[in-house]
Amino acid sequence: MASISKLVIPSPVSSSSVSGSLKFRPLQPKCLIDFHSRDVFNARVSSSRLSVRNDVGRGSLIVRCSQLEGNGSQIQRTTLHDLYEQGGQSPWYDNLCRPVTDLLPLIASGVRGVTSNPAIFQKAISSSNAYNDQFRELVQAGKDIESAYWELVVKDIQDACKLFEPIYDETDGGDGYVSVEVSPKLADDTVGTIEAAKWLHKVVNRPNVYIKIPATAPCIPSIKEVISLGISVNVTLIFSISRYEAVIDAYLDGLEASGLSDLSRVTSVASFFVSRVDTLIDKLLEKIGTPEALDLRGKAAVAQAALAYQLYQRKFSGPRWEALVKKGAKKQRLLWASTSVKNPAYPDTLYVSPLVGPDTVSTMPDQALQAFIDHGVVSRTIDSNVSEAEGIYSALEKLGIDWGYVGSQLELEGVDSFKKSFDSLLDSLQEKANSLKLVSL
């Protein structure tokens, strides 16, 4: 991944407690990242090593594969390790493209999972030649364009799952997931989404894959059914607390309907989108234009997220939840998505640092990940001032902000954006097929 090579590595962080068999020391001008847990990684990542040169600018990583043997240099501890070990939050990476081995230095730096979506694959496939050989073979073998697309995607997901399997195994299925989304064209199709999820789960065939299903009203029953079949799900495009509660209920209903005696391998995350909330509400506040309204810009998203965490704590407690825990059920973790800052006037960790809390995930694109590694601070912030969050939420309502409208509008925009990315990618693949002088199908 070209953008990974720009990842900033901060000054060393001292720590007396380092989990696992990995040891850390300050980054040298030239070093080799070596995974010492050979019994876990060797079988999955072959015998290759990663050579990381600190040649360009402050802390820039240039990654190349090497077959050299030897002990190598020890990897460096980053803020992401602290985020997980001290904050209880799993840092994931919101991006995926070839070669997937570019994820290895990120895994070493503390990344514990990956999310993808149609927009990510549209950018990856249309802007890279890394997919050409496989694509050529698929189309020459008679695959239509959309079928070829899914085979490209499935290979990337399978390869990424292999890299994260050690984390999945070490956490007993608690972490180390890679997410792949059903076609965005199915956002209003309950049955179609169920069938697509079953198909993706079968063809990827990895224990640590999450099938992404949008939290649209027609897909809420899909989530319940897919969970009841024992398929782990990443519920995406959640923009409101009311829809989030429906998502939790679908997860609980699915677990209860599964009939499984052991629920420990059926897991889920609920992807609550953050920055897009501020993008929309800030525009509404600017239209209102009063000093009180303008003062609330940049505060809505984090406030709503904090209240979502309160709902999470309430729903995953009490007799109903305890009955499921006895069967091995795991909480559906809240995952903060859309964590990159859209307004350059805001701090670049605005949608990461204030949302740190136990049993959560933060998936970060390059911008947010780089910023948090460089100057993020780990502290439990998600419920440090709930009363302030409640005050902001209420103040916005008093100004005429309709949270129901905000959620519905953002959902429509999100689904439409992914559909456009999907269609654009298929068009790009058709053009690529033509440019490769392949038969148009």
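The crossing of α12 and α15 is left-handed. Left-handed here means that the near helix is turned anticlockwise from the far one by less than a right angle, and right-handed means clockwise. Before going on, the ground rules: this is a predicted model, where local features need pLDDT of at least 70 and side-chain atom pairs count only at pLDDT 80 or more, while totals for chains, interfaces and linings use all residues. Residues are numbered from 1 along each chain as its sequence is written, and side-chain values use heavy atoms, with hydrogens and water left out.

Back to that crossing. Helix α12 covers residues 300–315 and helix α15 covers residues 386–398; their axes come within 9 Å and cross at roughly 120°. The helix and strand labels are DSSP runs numbered from the N terminus, with helices being H or I of at least four residues and strands E of at least two. Axes are lines fitted to C-alpha atoms, for helices over the stretch in contact, and the angles run from 0 to 180 degrees between N-to-C directions. The two helices, α12 and α15, are therefore oblique to each other. For that word, angles under 35 degrees count as roughly parallel, over 145 as roughly antiparallel, 65 to 115 as roughly perpendicular, and the rest as oblique.

There is another crossing to look at. Helix α10, residues 275–288, and α16 have axes that come within 10 Å and cross at roughly 125°. That makes α10 oblique to α16 as well. The crossing of α10 and α16 is right-handed.

Now the aromatic side chains. A pair of aromatic rings is described by the distance of the centres and the angle of the planes. Rings of Phe, Tyr and Trp (for Trp, its six-membered ring) pair if their centres lie within 6.5 Å; planes under 30 degrees apart count as stacked, over 60 as edge-to-face, and the rest as tilted. How many aromatic pairs does that rule give? The count comes to 15.

One of them is Trp150 with Phe422, a tilted pair at 6.3 Å centre to centre and 45° between the planes. Trp150 lies in helix α6 (residues 145–170) and Phe422 in helix α16 (residues 403–435), so this pair ties together parts that are 272 residues apart in sequence. Trp150 and Phe422 are both buried; buried means under 20% relative accessible area, exposed over 50%, and partly exposed in between, with a 1.4 Å probe and protein chains only.

Tyr177 and Tyr210 make a stacked pair, 4.0 Å centre to centre with 15° between the planes. Tyr177 is in the loop between α6 and β6 (178–181), Tyr210 is in strand β7 (residues 209–214), and the pair links these distant parts of the chain, 33 residues apart. Tyr177 and Tyr210 are buried too.

There is also an aromatic cluster, made up of Tyr251, Tyr309, Tyr312, Phe316 and Trp321.

One ring has a charge over it: the charged end of Arg112 sits over Tyr84, 3.5 Å from the ring centre. The rule there is NZ of Lys or CZ of Arg within 6 Å of the ring centre and within 35 degrees of the ring normal.

On to cysteines. How many disulfides are there, taking a pair of cysteine sulfur atoms within 2.5 Å as the rule? The count is zero. Cys161 is buried, at a relative accessible area of 0%, and Cys219 is buried at 0% as well.

Last, some backbone points. The peptide bond from Arg98 to Pro99 is cis, with omega near -5°, and Pro99 lies in the loop between β4 and α3. Leu103 is found in the loop between β4 (89–94) and α3 (104–108), and Leu103 is buried, with a relative accessible area of 0%.

Which way does phi go at Leu237, positive or negative? Leu237 has a positive phi of about 60°, although it is not a glycine. Leu237 lies in strand β8 (residues 233–238) and is buried, with a relative accessible area of 2%.

Asp359, not a glycine either, has a positive phi of about 60°. Asp359 is in the loop between β10 (333–337) and β11 (360–364), and is partly exposed, with a relative accessible area of 34%.

Conventions:
A disulfide is a pair of cysteine sulfur atoms within 2.5 Å.
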